[in-house]
Protein chains: 2
Amino acid sequence: MKSCTLIESFKIGIKKSKKDAVCMKLSEKSNISLVTTKNKFAAAPVQLSKKHIKNSKTKYLLINSGNANACTGSLGMKNAKKCCQKISKKFNCKESEVLVFSTGVVGEQLPINKILNCIEKKIFKFNSSWSDAARAIMTTDKSEKIIKKTFKIGTKTIRIIAICKGAGMIEPNMATMLSFIEINVQIKQNLLSKLLKSISDRSFNRISVDGDMSTNDSVVLIASGEIDGIDFNRNKQAYKQLEKNILKVTQDLSKKIISDGEGSTKSIYINVMNAKNSKEAKIIATAIANSQLIKTAIHGSDPNWGRILVKLGSIYHTSYSIEKIILKLNGYTLFKNGTPAANYNSSSLKKSMQNKNIEIFLDLCSGKGSYDLITSDLSKEYVRLNSAYTS
Amino acid sequence: MKSCTLIESFKIGIKKSKKDAVCMKLSEKSNISLVTTKNKFAAAPVQLSKKHIKNSKTKYLLINSGNANACTGSLGMKNAKKCCQKISKKFNCKESEVLVFSTGVVGEQLPINKILNCIEKKIFKFNSSWSDAARAIMTTDKSEKIIKKTFKIGTKTIRIIAICKGAGMIEPNMATMLSFIEINVQIKQNLLSKLLKSISDRSFNRISVDGDMSTNDSVVLIASGEIDGIDFNRNKQAYKQLEKNILKVTQDLSKKIISDGEGSTKSIYINVMNAKNSKEAKIIATAIANSQLIKTAIHGSDPNWGRILVKLGSIYHTSYSIEKIILKLNGYTLFKNGTPAANYNSSSLKKSMQNKNIEIFLDLCSGKGSYDLITSDLSKEYVRLNSAYTS
C-alpha cells in the first residue's frame, strides 16, 4: 500500500544485532498531532517533542528502541537534542522540525556518540516499509503490529496505515507504547488533535497489562494531506466516518498489544456497568485489571470469581451494596442478590475459561457510570521476561 | 511453654486429608480484643464475630481453614451462626460468647452439615499445642508461623504466644491473614483494644504480598489475666515495655508471612522518606510494593531501579520534583540531583541483589511524611500457586 510518509528503518547501534531505529520523513502537506504519557517523569524525548511540535511544522521523526532515555536528567535532554540537531543537519531543516521518540530500558544514558556517528555516516534511502518500521520499534513484542485499512468517503478512497509497539508496562495512559498512524487526508490542526485525543481515550487508554504507566508513551497521527477537498469541520458525517475507521484500527492495535502482552495467554475484557459515576467505574475496572490474583486465576482457567468481589470490596473511597451487584464471567451469572448463583452449568463455565478471550461483567446497579478495559492474564512467562530485562 | 488458653486442633471436614479447624477455650479471667479487615465485603464470620465481641464476654473461638465463608450472602451468615450455636450447645455457653474465623476460598458455601456433625460427634480434649493450631489454620503457607517470647516487668515474667497464617493476598489492612496472640497479663478492655490497634498498624498492616485485601483478616489479642497487679493504665513504662515486646513479636510474624509469601524468594523493605505528608508516603510505598514490574525485577536480582521512578511518576494526585529525589537500592545511591548516579560499584550492587532481603530507600526531600512497608518479590511460583487455587 502506498504511503506519503517515507521510511528508513536501520541500525542505530543501541541493540547488538537488530535494527533499532526508524526515521520518518513527512510529506510536505502533512499535519501532525501527538498525545503522550501522563507520567510526571516523562522522558527527555517526550518533553522535547512536545516542545518542538508546538513551535514548528514537523518534518522528520526519529524513533529508537532499546533505550528509553528516561530518568536521565539534563544529560538525557542534551542527548535528545543532539539527536534532533544531527537529523536537522543531515536533512537541512530546523532542529525543532524533528521529533524524537525512544522506548526501552529506563535510567540509562543513550550511547550518544554511536548514535551520532551512525546518523552521520548513514546514507538514507527512505525505501523501507511500514512493516520494517513496526519491527524496528519492537522491544519485548513477539511480532510487529501493523494494520492497514481503506474505506470510502464519497468517491474518495481514504487510507489508514498504523503501527505500534508495546508489550508490557501497558496501562491506561499508554504506558510503554508507541504508535504512528498515517491517514491520507487533509485535516485542520485543531480537529486533528481532537480526533487523536478522542480515539486514544477509547483505544490505547483502555488497555492495561500490568498497571505501570511508562515515561515514554506517545501516539502520533499524521494527516498526509494527499486527499483534500473534504471539509471535516463542516461535514460532520465525513468526520464521524473518519473517526470510526481510525478508532477501529487503534482498537484492533490495542487488542494486538494485549494479546502480545508480556507472557500473555489470554485477553480479559472487563466491563463495569452502572457505577455511581464513570470515574468510579474506571477506578473499579482498573483495580480488577491490575489484580495479580484475578489475572493469575484467569491464567489458570480458574473461575475463581470471589477474587473479583474481594477486589471491589477493597477499593478505598468507593462503597457499593453487595446486595445489588451482578457478576458475570463469560456470560454466566455467578453472583446476584448478595449471594452466589447456584443454577449455572459449572462444567461449561470451566470449559469456557479455556477461551482466549475472557469476559468479566460487573453490574453495580447504583448509577450510570460505565467503563470498559482490556487486560491480559499473568503468566510465568511474564515473570520470566520481566525478571531479566536490563541484565 | 504453658498457655492459659486451651486448644483443640482437629479435622472439621472441609479439607480432605488435613486438620482444618481449631477450637480455643479462653481462661475465665481473659479479656479479648479484635481488629479485622477493612474490606467492605467482610466475610460472614468477621461480621458476626464483631457483633458478638461487642455484646458478650468471649469464651470460645472456632477457626476453620479451607473455606472463607465470604461473599456467601444470607446463607453464609446463617452457616456462621449455626457454627456458633453448635459450639455454644456443646460447651453450654451463649451463642454470642463464641467467635468464628474462616480462611480459604471465597464465594463457596461451607459444607455446614459436615461441620455440624463433626462438632456434634467430637470429644474435645483441649490438649493440642499452639503449634498444632498454627498448622491447622494454614492455607498456602509452607510452614506454621509461631513465636513465643518471655520478658520481665519488674519481677514478673510476661509471656507472649502468637501464631498466624497468611501467605498470599496480603496487603495493608491484613488481607487473608489470621493471627491469635495470648499474653498472660490482666489489662483493661479499652487499653487492650488500643494496644492491639497500635501494634497491628505497625506490623501486620505494613506488609503487602499482592495488593489484594481479603474479606477475612482478623487479629485476636487475648489477655489471659493470669498475672495481675500491673496497672498498665498508670504505669506508662510497663505499658511501653509490653507494647514494645508484642510489637517485636508481631513484626517478626509479619516478616515470616512475607518470606513465606506465595512463591516468595525475597523480602523487599521499602522506606519512603520526606514525602509531603505521611498519607502520600503510604500511597507511594504501597504503589512501589504492588508494582509487578518492580517485584519481578527484584525476583530476577535485576537492579532495574528505573521502574521505581516510573512508578512514582505514574501515581495520580502526587507530584514530586525529580531533581530532589534520592533513590537507594541496597544502600547504593542510584539516582540523585535529577540524574542517574555514575560513581557506584555496579558489580557489587548486582551481587547484593542476590540477597534474601532487598532495601528500597526513596527520599523525596519534600516534607516530613514517612512510611515503611515490607513486600515480597513476584515469582513464577506465585503464578503457579494462584492460577490453580480453587480447582
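Colleague: What pLDDT does chain A average?
Modeller: This is a predicted model, and chain A averages a pLDDT of 92. In chain A, 95% of the residues score at least 70.

Colleague: Where does pLDDT stay under 50 in chain A?
Modeller: Over residues 169–175 of chain A. The model has 50 contacts beyond four places in sequence for that stretch. Where pLDDT is low, the predicted coordinates should not be read in detail.

Colleague: And what are the ipTM and pTM?
Modeller: The ipTM is 0.82 and the pTM is 0.86.

Colleague: Changing topic: strand β8 of chain A. How many of its residues are buried?
Modeller: Eight of the eight, residues 178–185, so β8(A) is largely enclosed by the rest of the structure.

Colleague: Which residues are on which side?
Modeller: Leu178(A), Phe180(A), Glu182(A) and Asn184(A) are on one side of β8(A). Ser179(A), Ile181(A), Ile183(A) and Val185(A) are on the other, and both faces are covered. In a regular strand the side chains alternate between the two faces of the sheet.

Colleague: How many bridges join strand β7 to β8(A), and are they parallel or antiparallel?
Modeller: Six bridges join β8(A) to β7(A), residues 156–165, and the two run antiparallel. Cys164(A) is opposite Ser179(A) of β8(A).

Colleague: What about β10 of chain A: parallel or antiparallel to β8(A)?
Modeller: Parallel, over seven bridges, with β10(A) covering residues 218–227. Val185(A) has Ile227(A) of β10(A) as its bridge partner.

Colleague: Last one, helix α8 of chain B. Is that mostly covered or mostly open?
Modeller: Mostly covered: seven of the eight residues in α8(B), residues 292–299, are buried.

Colleague: Which are the buried ones?
Modeller: Gln292(B), Leu293(B), Ile294(B), Lys295(B), Thr296(B), Ala297(B) and Ile298(B).

Colleague: And which residue just after α8(B) takes a positive phi?
Modeller: Ser301(B), with a phi of about 55 degrees.

Technical notes
Residues are numbered from 1 along each chain as its sequence is written. Chains are lettered from A and ligands numbered from 1 in the order in which they are written. This is a predicted model: local features need pLDDT of at least 70, side-chain atom pairs count only at pLDDT 80 or more; totals for chains, interfaces and linings use all residues. Side-chain values use heavy atoms; hydrogens and water are left out. Buried means under 20% relative accessible area, exposed over 50%, partly exposed in between (1.4 Å probe, protein chains only). Helices (H or I, at least four residues) and strands (E, at least two) are DSSP runs, numbered from the N terminus. Two strands pair if DSSP finds at least two bridges between them. pLDDT is the predictor's confidence in each residue, from 0 to 100. Contact means heavy atoms within 4.5 Å.
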